[in-house]
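I set out to record what I looked up in this structure, entry by entry. The notes begin with strand pairing and then pass to the helices.

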Amino acid sequence: MGLLGAFDAPEMAVPCGSRGMLSLGKGRIAMLTKLFFSTVAGVRVDRVWWQGQTLHLDAATTRRAARCPLCGRRSKRVHSFYARTIADLPCTGARLTIHVRTRRFVCRVRWCERKIFTERVPALVAPWGRRTARQQEGLQRTGFDLGGAPGARVAARLGMCASPDTLLRVIRALPDPEEGCLRIIGIDDWGATRSRIA
Ligand SMILES: [Zn+2]
């Protein structure tokens with residue numbers, strides 16, 4: 001079985017372990033981590049499985065310490081774990097869902113008001129996000145190019161579930177462009193400018 005043999009068809013998922021999934025050896029973990037998270041440091045793929053037409057990844061964070069978002073000090077003391085489920089860009093036309101085990105750390109700085117904080121992996125997902133950063137970017141581009149309702153239809157066909165309102169929301173979440181970046185003026189803008197001049 002090749003690298004992708006572990007998940008190249010739903011019927012090839014091998015029952016293993018308590019959740020009926022395929023456990024991967026170290027070599028495959030490294031290769032799949034590189035395949036799915038080549039641009040995301042500090043995350044590892046642990047398991048891969050199909051459910052219906054959706055590909056699922058179990059992932060875990062790997063950095064030994066995390067930085068408190070309030071005081072900025074690093075901590076290695078883990079308080080607890082919790083699971084986050086986030087939607088990713090489609091993979092070979094199938095929806096891709098990531099279940100990432102995230103840690104809460106104890107901030108040991110006495111004067112810091114944040115006693116417990118959650119580690120952050122901004123390259124993967126925003127602190128309270130339900131989509132990966134790359135899916136968010138994909139939806140923003142789709143929304144910009146096509147608008148709300150048409151963009152949502154195209155996104156659904158591509159394997160990204162988002163309502164028209166969601167597409168508009170992710171566009172509005174973008175920061176305003178910096179001053180001086182305007183390079184193209186539309187006809188209406190030009191007309192408005194002339195009427196003001198006249
Ligand atoms: Zn702190």
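**Entry 1. Pairing of S3 and S7.** I began with His56 and found that its bridge partner in S7 is Thr97. Strand S3 (residues 54–61) and S7 run parallel and are joined by seven bridges. I count two strands as paired if DSSP finds at least two bridges between them. Helices (H or I, at least four residues) and strands (E, at least two) are DSSP runs, numbered from the N terminus.

**Entry 2. Source of the model.** I note that this is a predicted model, in which local features need pLDDT of at least 70 and side-chain atom pairs count only at pLDDT 80 or more, while totals for chains, interfaces and linings use all residues. Residues are numbered from 1 along each chain as its sequence is written.

**Entry 3. The chain as a whole.** I listed five helices and eight strands in the protein chain. Read from the N terminus, the order of the elements is β-α-β-β-β-β-β-β-β-α-α-α-α. The chain has 198 residues, of which 24% count as buried. For burial I applied these limits: a residue is buried if 20 or more other C-beta atoms lie within 10 Å of its own, exposed if 12 or fewer, and partly exposed in between, with C-beta atoms placed from the backbone. I then looked at contacts between residues at least 6 apart in sequence, and 52% of them join residues at least 24 apart. Two residues are in contact if their C-beta atoms, placed from the backbone, lie within 7 Å.

**Entry 4. The other partners of S7.** Strand S6 (residues 78–91) pairs with strand S7 (residues 94–106) in the antiparallel sense, over eleven bridges. I looked up two positions in this pairing: Asp88 has Leu96 of S7 as its bridge partner, and Cys91 stands opposite Ala94 in S7. S7 is also joined to strand S8 (residues 116–118) by three bridges, and these two run antiparallel. There, Val106 stands opposite Ile116 in S8.

Entry 5. What is the phi of Thr92? I read a positive value near 45 degrees, in a residue other than glycine. Thr92 lies in the loop between S6 and S7, and the hairpin of these strands has two residues between them. Is Thr92 buried or exposed? Thr92 counts as exposed, because it has 10 C-beta neighbours inside 10 Å.

**Entry 6. Leu32 in H1.** I located Leu32 in helix H1 (residues 26–36). Leu32 is buried, since 22 other C-beta atoms lie within 10 Å. Leu32 and Arg44 are twelve residues apart in sequence, and their C-alpha atoms are 8.4 Å apart in space.

**Entry 7. Helix H2.** Helix H2 (residues 133–146) has 14 residues, and from its first C-alpha to its last it reaches 20 Å, close to the 20 Å expected at 1.5 Å a residue. The expected span is 1.5 Å times one less than the number of residues in the helix. In H2 I found Gln135, Gln136, Gly138, Leu139, Thr142 and Gly143 buried. They lie on the same side of H2, because they cover an arc of only 160 degrees around the axis. The arc is that of the directions from the helix axis to the C-beta atoms. These buried residues pack against S6, helix H3 (148–158) and helix H4 (164–172). Gly147 follows H2 and has a positive phi, near 90 degrees.

**Entry 8. H2 against H4.** How are H2 and H4 set to each other? Their axes come within 9 Å and cross at roughly 105 degrees. H2 is therefore roughly perpendicular to H4. Axes are lines fitted to C-alpha atoms, for helices over the stretch in contact, and angles run from 0 to 180 degrees between N-to-C directions. Angles under 35 degrees count as roughly parallel, over 145 as roughly antiparallel, 65 to 115 as roughly perpendicular and the rest as oblique. Among the residues that meet, I noted Leu139 and Phe144 in H2, and Leu167 and Ile171 in H4.

**Entry 9. Helix H3.** Which residues of H3 are buried? I found Gly151, Ala152 and Ala155. They are on the same side of H3, because they cover an arc of only 100 degrees around the axis. Ala156 and Arg157, on the other side of H3, are exposed. H2 and H4 are among what covers the buried residues of H3. Gly159 follows H3, and its phi is positive, near 100 degrees.
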